[in-house]
Amino acid sequence: RMSLVLVRESKDGQPILSEGEEVKHTEANTKLYLGDENKGVGTLYITNENVIWLKSQIGETNGEKSELGYSMSYFLIQLHAVCEDAASFPESCIYCQLSCEPHSEVRFVPQNTSNLNNIYTSLCEGAELHPDPEQEGEGDFIF
């Protein structure tokens with residue numbers, strides 16, 4: 001099955017997009033949590049094909065650039081929601097449940113929380129373009 005893709009290169013700080021891929025929403029100053037691990041602050045790009053997060057600060061490890069960020073296809077996202085319940089997570093965020101291990105939960109925490117609904121809407125629009133092939137026709141039962 002699909003997995004979270006490590007992004008190791010960008011073009012002038014922007015994600016490298018495939019042919020026909022377009023950015024539908026950009027959210028700067030967004031923290032990424034993989035499970036409970038804070039991966040830092042970066043920019044969230046929601047395209048018509050993928051959800052991409054690129055780090056704002058790129059470090060180097062042993063002379064090699066560390067990962068720039070992560071990319072996930074809509075087929076990987078089983079559920080996405082706006083989460084503003086401090087009991088489940090201390091910061092308002094976009095919560096995504098993924099169909100991969102070891103990263104089955106991802107949270108995007110924008111600095112500007114007033115944009116949560118815009119991010120959610122963009123995710124919904126992207127997901128509608130990529131219906132789950134396993135769910136197609138599940139309601140077509142013949143008795």
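Student: Leaving aside its neighbours within four places in sequence, with which residues is isoleucine 77 in contact?

Tutor: Contact means that heavy atoms lie within 4.5 Å. By that criterion isoleucine 77 touches Val51, Met72, Cys96, Gln97 and Leu98, its neighbours within four places in sequence being left aside. The model is a predicted one, in which local features need pLDDT of at least 70 and side-chain atom pairs count only at pLDDT 80 or more, while totals for chains, interfaces and linings use all residues. Residues are numbered from 1 along each chain as its sequence is written, and side-chain values use heavy atoms, with hydrogens and water left out.

Student: Is isoleucine 77 buried or exposed?

Tutor: Buried means under 20% relative accessible area, exposed over 50%, and partly exposed in between, with a 1.4 Å probe and protein chains only. Isoleucine 77 has 13% relative accessibility and therefore counts as buried. This residue is found in strand S8.

Student: Which elements does the chain have, and in what order do they run?

Tutor: Helices (H or I, at least four residues) and strands (E, at least two) are DSSP runs, numbered from the N terminus. Here there are one helix and ten strands, running β-β-β-β-β-β-β-β-β-β-α from the N terminus on.

Student: In what order do the strands of the open sheet stand?

Tutor: Two strands pair if DSSP finds at least two bridges between them. The open sheet has eight strands in the order S1-S7-S4-S3-S2-S10-S9-S8, with antiparallel pairing. S1 and S8 (77-83) stand at the edges with a single partner strand each, so one side of each has no neighbour in the sheet. From one strand to the next, the twist averages 30°.

Student: Where does helix H1 pack?

Tutor: Axes are lines fitted to C-alpha atoms, for helices over the stretch in contact, and angles run from 0 to 180 degrees between N-to-C directions. Helix H1 (residues 116-128) packs on the sheet, touching S2 (23-34), S3 (37-47), S4, S8, S9 and S10 (105-110). The direction of H1 makes about 160° with that of S8.

Student: How many bridges join S8 and S9?

Tutor: S8 pairs with S9 (residues 93-98) over six bridges in the antiparallel sense. Within this pairing, histidine 80 has cysteine 96 in S9 as its bridge partner.

Student: How is strand S7 covered on its faces?

Tutor: In a regular strand the side chains alternate between the two faces of the sheet. In S7 (residues 69-73), five of the five residues are buried: Gly69, Ser71 and Ser73 lie on one side, with Tyr70 and Met72 on the other. Antiparallel to S7 run S1 (residues 5-7), joined by three bridges, and S4 (residues 50-55), joined by five. Leucine 6 stands opposite tyrosine 70, and isoleucine 52 has serine 71 as its bridge partner.

Student: What percentage of the residues in the chain is buried?

Tutor: Of the 143 residues in the chain, 39% are buried.
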